[in-house]
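Please read the following walk through a predicted model with the coordinates open beside the text. The account begins with charged side chains, then turns to one helix and to the nonpolar core.

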Amino acid sequence: MAAHPDRDEILVRLRRLVPERVPIDPALLKPEARLADIGIDSFSLIELVFLAEEEFRITIPVEGLAVVTVSDVLDVIQKRFAPVSS
C-alpha cells in the first residue's frame with residue numbers, strides 16, 4: 001500500500017488540478033494564503049473539496065467545514081488519511 005501523501009505533495013497536486021475547475025492562479029495556493037484573499041469564495045471552496053475528493057479518493061464533509069487558509073485545507077485533506085482508532 002502506498003504511503004499517504006504529505007502536505008507538500010497534496011499542495012503540488014492541488015496546484016496542478018485547480019485550473020480545471022477553480023478560477024484562481026494556482027501559484028496563489030501557498031499555505032499561508034487566506035482563501036478570501038486569493039479569491040476562493042464558498043463556491044470555489046466546494047469545487048476545491050470536490051477536486052481533492054476525486055484526486056485523493058477521500059471524503060471530506062463540507063457541512064461545518066471551517067477553513068480560512070490554504071494550510072487549513074491541507075490539514076483537512078491530510079487528516080482524512082489518518083488511521084481510524086478503535
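The side chains of R13 and E55 meet in a salt bridge, with N and O 2.8 Å apart; the term stands for a side-chain nitrogen of Lys or Arg within 4 Å of a carboxyl oxygen of Asp or Glu. Because R13 lies in helix α1 and E55 in helix α2 (residues 42-56), the pair ties together parts that are 42 residues apart in sequence; helices here are DSSP runs of H or I with at least four residues, numbered from the N terminus. R13 counts as buried at 18% relative accessibility, whereas E55, with a relative accessible area of 22%, is partly exposed. These classes take buried as under 20% relative accessible area, exposed as over 50% and partly exposed as in between, with a 1.4 Å probe and protein chains only.

This is a predicted model, in which local features need pLDDT of at least 70 and side-chain atom pairs count only at pLDDT 80 or more, while totals for chains, interfaces and linings use all residues. Residues are numbered from 1 along each chain as its sequence is written, and side-chain values use heavy atoms, with hydrogens and water left out.

R21 belongs to helix α1 and E54 to helix α2, 33 residues apart in the chain. R21 is partly exposed at 33% relative accessibility, and E54 is exposed at 52%. Salt bridges with shared partners also join E9, R13, R16 and E55 into one network.

Helix α3 (residues 70-79) is tied to helix α1 (residues 7-21) by D75 and R7, which are 68 residues apart and whose side chains form a salt bridge with an N to O distance of 2.3 Å. Both partners are partly exposed, D75 with a relative accessible area of 28% and R7 at 25% relative accessibility. R7 also receives a polar contact from S71, side chain to side chain, at 2.7 Å; a polar contact is a pair of N or O atoms within 3.5 Å, where within protein one must be able to donate a hydrogen and the other to accept it, and residues adjacent in sequence count only if both atoms are side-chain atoms. S71 itself lies in helix α3. Over the whole structure, a search finds seven salt bridges.

How does helix α2 sit among its neighbours? Its buried residues pack against α1 and α3, where contact means heavy atoms within 4.5 Å; among these buried residues are L45, L48, L51 and F56, together with the charged E47 and E53. At the N-terminal end, D41 caps α2 through a side-chain oxygen 3.2 Å from the backbone nitrogen of F43, and the helix is followed by R57, whose phi is positive, near 55°.

The largest nonpolar core has 26 residues, of which L14, L29, I40, F56, V70 and I77 touch the most other members. Such a core is a set of buried Ala, Val, Leu, Ile, Met, Phe, Trp, Tyr and Cys residues joined through side-chain atoms within 4.5 Å. Each of α1, α2 and α3 supplies at least two residues of this core, and α2 gives the most, with six residues. I40 touches I24, L29, L35, L45 and L48, not counting residues up to four places away in sequence.
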